[in-house]
Amino acid sequence: MVTSIRPSATTVAIIGMGSRGLGLLERLVAHCLTRPAPVTVHLVDPQPPGPGFHLADQPDHLLLNTVCSQLTAFADERMVEGPAPLSGPSLAEWCQERDLRLADDGRTVRVGEGHRIRPNDFLPRRLLGEYLAWAAEAVVAAAPDCLTVVPHRCEAVDVQPGPAGTEVVELADGTLVDADAVFVTVGHHSLYRPAAPAAEPRLITRPYPLPEALDGIAPGERVAVLGMGLTAMDVIASLTLGRGGRHEPHASGTRYVPSGREPGIVLANRSGLPSRSRPYLAPDRVRCAPLALTADAVARLRSRRADGRLDFAADVLPLVEAEMELAYHRTVRARECGDPAAADREFAERVREAGYETLLEECRDRWGPAPLDGILSAAAAGRQWADHDAYTRWFTGEVAADLVEARAGLGVSPLKEALEVLRDHRDVLRTAVDAPGLDDASLARFFGEFSTTVNRLVIGPQLDRSAELLALVEAGVVRLGPGPRPKVIAPAGQGPWILESTALLRPASVEADHVVHAHVHEPSPARVPGSLLATLAAAGRIRTLGSRGGPAHGLAVTREGQGIDLAGNTQPRLFFLGPHTEGSSYYNHYVPSPGLPSRALMDAELALSTSLPSVITRKR
């Protein structure tokens, strides 16, 4: 039986109640607390609100790569442009309130056992899931009487134009929800669908959920793990710690003690470069405003282009490189004078007086050039190695050197401060991508080589993970593949997979019983059969950026988040926020941090104020 729900007041529907949907709900509750207005909000998700893919049943060795003090579900006045009457703890504070403690192994969390959780600890992902579920309940409980929350533990299967300028959401159980505005925040929606069958039974194309996806890999077999980012670290942890192995302190740093149930692991990727570790975050670290890579500078460059579309290499990349070099030298100056805040003021004043180019020349004259040449390259710059042993020595040396910088941490390591520009000033990069955005060639480069390099440099594993990787190599559990860009040859019959070198002067190869694609590839929203987004794309209500070529294939949306259909028309009441809009914006998959402007929450406010101008009042 079809049930039709008609609005009696302003009615909205939020489809997808992970962290993005929760942020929308928090903003709506905050505005209705500040300025009461009759609103009904339908929450559509077959899963409980809040966690999304931060599942509570994950093992503790699957860690977040953001420190716990930088994650929150509650907005403060520095994070948003509207009111912030709701208050709540960050993940760190929530854990501390419950006396959750971290064991000496750096990952096991229990009540009352271990040391108190510190602001700069990396915690198990399951805790973020539990926190977000708790926060969702707290946000709903805080809703004023004028705001009616209607949950639907069901999947949305379609959204169609309704009568009198509304949108009608069709649910899998036949319910129809008539809404004045619909917000689609389904996150990494493809992961809710079964993985496509692999071409070969010993090929794992999607390594999640863990550890179940790896159950077919037996102890003593050899598995090639293709990728060296966060997903690869998850796979390695699941095949080692998840199978009873352990890391313990040793005179050399960390030693791995095998359980005997591990497979042999071959680690390889296209670039041949390791991911850099997340640095230690000192509580008193000074986060500086940008000097070269500013929103105003991007706007000025855009005004010089006839169509407003930027050339990333010519317009934006020089600003990125200048900002990184300035951050490097500012850290050197801070160490010299012993006062990071004073160094920040000194550099900012000099830029106001003479411009950042003059300051850079003065810094180079005083301290020499910063060692950053080629650091934004996605490859090993044509390097070749004599043989596999030489490549292994080089690779482990790079990881060890980066660990020294990561342990020194932000505020101390000039190199890590330079790299952190790519995180600290991500909002400026977003202004470059926002409509009218980048020209087609630049869009392809940005979401190809550049974003891949950024992920390797600053979205890497926790520093303990890198130390553990070196221990696994030392123990012989992990060996490096045969250099960059290995040729992967599929089995013939029951034979092994073979990885052959392409960048070693003395060729090498390695055999494997299994291959794991250790990276999550989000397909085009139009290419996930059975999903809501695929249905909307097939109906022509939305289009992707795939027509522009390159790797950016997210949904085309306006700056306000409104979908754009196949004919180029804006859908005024149908909004899309989150990872499936990557390409129209940049880096959409994150949980907000307290005390800092949150693009995710400000985007939520912008979408809400566009659709509900009588309810949502923004300060700026």
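Student: Which residue stands opposite Val478 in S17?
Tutor: Ile265 does. This is a predicted model: local features need pLDDT of at least 70, side-chain atom pairs need 80 or more, and totals for chains, interfaces and linings use all residues. Residues are numbered from 1 along each chain as its sequence is written, and side-chain values use heavy atoms, without hydrogens or water.

Student: How many bridges join S16 to S17?
Tutor: 3, and the two strands run parallel. Strands pair if DSSP finds at least two bridges between them. A strand is a DSSP run (E, at least two residues), and a helix is one too (H or I, at least four), numbered from the N terminus.

Student: What is the strand order in the open sheet?
Tutor: S12-S21-S13-S16-S17, 5 strands with parallel pairing. S12 (203–204) and S17 (478–480) are the edge strands.

Student: Switching to helices. At what angle do H6 and H10 pack?
Tutor: About 145°, with the axes 8 Å apart. Axes are lines fitted to C-alpha atoms over the stretch in contact, and angles run from 0 to 180 degrees between N-to-C directions.

Student: Which residues of H6 and H10 make the contact?
Tutor: Among them are Val320 and Met324 of H6, and Leu415 and Leu419 of H10. Contact means heavy atoms within 4.5 Å.

Student: And by class, what does the contact of H6 with H10 have?
Tutor: It has 11 nonpolar, 1 polar and 3 charged residues. Ala, Val, Leu, Ile, Met, Phe, Trp, Tyr, Cys and Pro count as nonpolar, Asp, Glu, Lys and Arg as charged, and the others, Gly among them, as polar.
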